[in-house]
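Colleague: I would like to go through the labels on this model. Please set each value against its cut-off.

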Amino acid sequence: MKTLKILANLQGQFFNFMRIAIFIVMVWIGGLKAFQYEADGIVPFVANSPLMSFFYNNPEEYKDYKNKEGEVIEKNINWNSQNGTYSFSYVLGSAIVMIGFLTLLGIFSNRLGLIGGLLTAGMALVTLSFLITTPEVWVPNLGGDMPTPQHGFPYLSGAGRLVIKDIIMMAGGLLIASDSAKKLLEYNKL
């Protein structure tokens with residue numbers, strides 16, 4: 001019973017912990033968007049997204065110029081530079097970092113926390129849409145000398161496993177947005 005009371009009394013601190021956790025993830029991932037390997041990594045998601053592909057000059061050509069994570073091939077980097085990959089990644093990274101700061105500032109400002117939480121949930125929704133639009137999120141059928149039954153839906157690739165985790169980010173964003181909204185309503189009653 002005592003443990004239940006302690007947990008119940010810590011709810012406010014847990015909401016702040018969620019804000020801090022979202023901040024850490026957003027700043028880290030957003031900051032990595034400034035690096036070539038991370039910008040290259042998001043190309044399949046952006047190129048296949050009806051919501052985002054217009055940010056690239058030639059999204060339909062991406063498969064011919066894919067760098068593997070950590071790979072540095074000059075012709076691919078040149079194509080990505082001309083395609084708008086890196087400039088888009090810088091802008092996206094800056095937006096993600098900003099959302100992280102807004103979410104963190106929710107500890108001190110309910111209005112900013114509400115905005116940060118809603119933007120976190122919205123960003124997660126866009127990311128989750130990649131499960132529908134990006135072929136690379138499913139295990140491909142590469143064949144072999146034996147039958148290959150584990151490919152396609154529901155078998156998530158590494159990229160798919162990365163994307164599906166955004167459902168947690170969406171839930172966290174909605175929880176902290178709800179907490180901020182509740183506090184705003186309480187303060188308006190005074």
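**Labels and their cut-offs**

Modeller: Phe153 is exposed, at a relative accessible area of 66%. This is a predicted model: local features need pLDDT of at least 70, side-chain atom pairs count only at pLDDT 80 or more, and totals for chains, interfaces and linings use all residues. Residues are numbered from 1 along each chain as its sequence is written, and side-chain values use heavy atoms, with hydrogens and water left out.

Colleague: What makes Phe153 exposed?

Modeller: Exposed means over 50% relative accessible area, buried under 20%, partly exposed in between (1.4 Å probe, protein chains only). Phe153 has 66%, so Phe153 is exposed.

Colleague: Why is Asn76 called buried?

Modeller: Its relative accessibility is 3%, so Asn76 falls under the 20% limit. Asn76 sits in helix 5; helices are DSSP runs of H or I with at least four residues, numbered from the N terminus.

Colleague: How do you know that Asn76 makes a polar contact with Asn67?

Modeller: The two side chains make that contact at 2.9 Å. A polar contact is a pair of N or O atoms within 3.5 Å; within protein, one must be able to donate a hydrogen and the other to accept it, and residues adjacent in sequence count only if both atoms are side-chain atoms.

Colleague: What makes Tyr56 and Phe88 an edge-to-face pair?

Modeller: Rings of Phe, Tyr and Trp (its six-membered ring) pair if their centres lie within 6.5 Å; planes under 30 degrees apart are stacked, over 60 edge-to-face, the rest tilted. Here the centres are 5.9 Å apart and the planes at 90°, so the pair is edge-to-face. Tyr56 and Phe88 are both buried.

Definitions and conventions:
Helices (H or I, at least four residues) and strands (E, at least two) are DSSP runs, numbered from the N terminus.
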